[in-house]
Amino acid sequence: MANDKYSSNVFMKFDNKNTLYSQISLKLQRCKNNKFTEHRWLLVIIFVGMLLHLGRYDWGTEVSQYSLRGFLCSAYFFSITIYSLFFLLRNIFQQKKYIWGLTLAFATLFSLPYRWLKLERFYYYRERSFFYDKNDFLSHWAQPWAEDLLIPKLSNPIPITNWLPGAWKNLNDMPREALFFIVLFAMGLLIFVICLKVNEKHPQNRVQSRRYIYLLFGLFLIILLQSYLHLSLRSPYVYITHFGRPPEQNQLYVNFLFPNYEGAVNADVIIFRALENHFMGMSDVTYTSDIRRAYPFYVSSQLSYFIGMYKSFLFLNIMLWFFSCLCAYLLGKIWWNQEVGGYMAFFVGCGPGFIMYVAQPMMYLSGFAAIVIIIYLFERLLIGTGFKNVSKPTMGNFLLFGCIVGLGSLVYDFFAWYVFFLLYGLFRRISLKGLMVSLGVGLSIYSGFLWIQTGVLHITLSTSNSGRINESIKNIISLVVQKRIGSIYTLTLNFFGTYLNQLTHVFFVVPVILALCGIFLIRNKPQIRKLSFLLLLPSLISFAFIYFGGTKFGSFLMSSFPRFNYSAYLGIYLLASGMLYEGRKYLSKKVWPWVGSLAIWIILVFVFVLSNIDAFGFLPQLYYHFYYTSGGYF
């Protein structure tokens, strides 16, 4: 009897194990089936979307080559964008309805067949003249042109600056500007209310979450305000040329994108308008010097078809600026704490680099935003949260991050950040093999787009930028091979001082001083010290290359342009925020608790005022020297 009972127990345990194994196997099989189903339906969406792209273009004989160009380039970006978006949403949301709903919404917008749906009559530029005068473009201030009508050349007044409060009398920075900002404010307010309602359903950390929601909404309002303050002729990238010569000469290198001399932008816009048309299938010549930075114009072309280039880029720039603040907050919270994250978000929200380009239909703000957004996605997809959390990401995450890096590489010159991701990944003990896969995928996506231009469409790419790079490489090799010790010593002698000088130009001094002080306060935080160095390294590498290589832009040395070093903003703002946090704690302990908080508020208000005072005609040299280190008439 005992043996029978023992045997019965053994068999029961064995059956239980079999049942458990069966359940696990069944779940794994279901998981595999679900993944297969997800991939299958995603491929269907991408394939159908690519077919719908055919309905966007005119396939008549005369313009078929431009339609083919637009179709191939758009289909390439569409497939990578929707793939990356789907798996990114799957990483953010748990509910499938949000994942598939948002994926389908973006896929529909990005593949809308305008001509098949007879929507071409709403095409913004339909039967609107695009005016461009080569001689005026090459002169010191360019002939204005309009999207809505052709402005007669003889009636053009000399462009002048348009400071506040005088600009409030007419509100003529762009058509229906009040409505534009009211709509954006309403959108932000609606999302703000929804977030508060959702937060009330989750009692855990309700107070902390509510503060977080209020912080982000406040930053959104600050961004809207600053974007309005720097519209049209108050945009620093427009008015800096006014101060290149004596002010009485009224020099402005400017184009107007609307009638009545509204929507002023830097006259280089002709290059970027052609990049948008590259994806729209318009019969324009593409200026290929910036074709490797084409991704922002692919995205903007989805909106500008209906609302025009100025408003589409203004909307996208505001959104990217806000997401940059969000990612800066989350990174600061991960790396240090929530308070530091809040300071970092505020600094990004008042960042001179973002203010410089927010009202410009160009890719420069996208380039700045890509840095912090991609670094946050690196942290989320490949690491997790906190310095102590060493995760083991899946190969799928490495592939997804590679796609994101590839698209980021086609926003602006991003390759120095490959070094950051490699070193930071090793610092955080991420698989070297996985990192190489990610960076390899990113490089392949970048190269693939350029191959479509040269290998498929047989477009000859401009060598203006690659020529500068090759010349710099030759100059650096020459310094070493010819053993020009004296030149190397002289250049090295001034290198770090020049770099620090450039940083004070682009950050308006205050954050740099705070960052330098912050270095001494993080002696007991070796991880933050290493991270700060890594965040500054890409900017330092880029500056070293153009500095020792003697890279020239026309008659100017590119190392004399401070704007190229604003990419160090995340490292500077991390150190500056750490300084504010440690300083507040010290003052609160040594003096009175309110003294530390008051000091923080004074500094933050001063930074905000300093970043925006130019809109009232005061200290425009701040932004002039963001671009140029010297010169100017004020």
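Predicted model: local features only at pLDDT ≥ 70, side-chain atom pairs only at ≥ 80, totals over all residues.
Which residues of helix H5 are buried? Let me start there, and by buried I mean under 20% relative accessible area, with exposed being over 50% and partly exposed in between, using a 1.4 Å probe and protein chains only. The buried residues of H5 are Glu177, Phe180, Phe181, Leu184, Gly188, Phe192, Leu196 and Asn199.

Residues are numbered from 1 along each chain as its sequence is written, and side-chain values use heavy atoms, with hydrogens and water left out.

Helices here are DSSP runs of H or I with at least four residues, strands are runs of E with at least two, and both are numbered from the N terminus. Helix H5 covers residues 177–200, and its 24 residues should span 34 Å, which agrees with the 35 Å between its end C-alpha atoms; the expected span is 1.5 Å times one less than the number of residues.

Now to a pair of helices. The axes of H13 (residues 364–383) and H14 (residues 395–409) come within 10 Å and cross at roughly 175°, which makes H13 roughly antiparallel to H14. Axes are lines fitted to C-alpha atoms, for helices over the stretch in contact, and angles run from 0 to 180 degrees between N-to-C directions; angles under 35 degrees count as roughly parallel, over 145 as roughly antiparallel, 65 to 115 as roughly perpendicular and the rest as oblique. On the H13 side the contact, meaning heavy atoms within 4.5 Å, includes Ile374 and Leu377, and on the H14 side it includes Phe398 and Phe401.

Leaving aside neighbours within four places in sequence, Ser438 is in contact with Phe398, Phe401 and Gly402.

A second pair is H15 (residues 416–427) and H20 (residues 526–548), whose axes come within 8 Å and cross at roughly 160°, so that H15 and H20 are roughly antiparallel to each other. Among the residues making the contact are Trp417 and Phe420 of H15, together with Leu534 and Pro538 of H20.

Finally, where is Pro246? Pro246 sits in the loop between helix H7 (236–239) and strand E1 (254–258), and at 18% relative accessibility Pro246 counts as buried. The C-alpha atoms of Pro246 and Phe634 are separated by 7.8 Å, although these residues are 388 apart along the chain.
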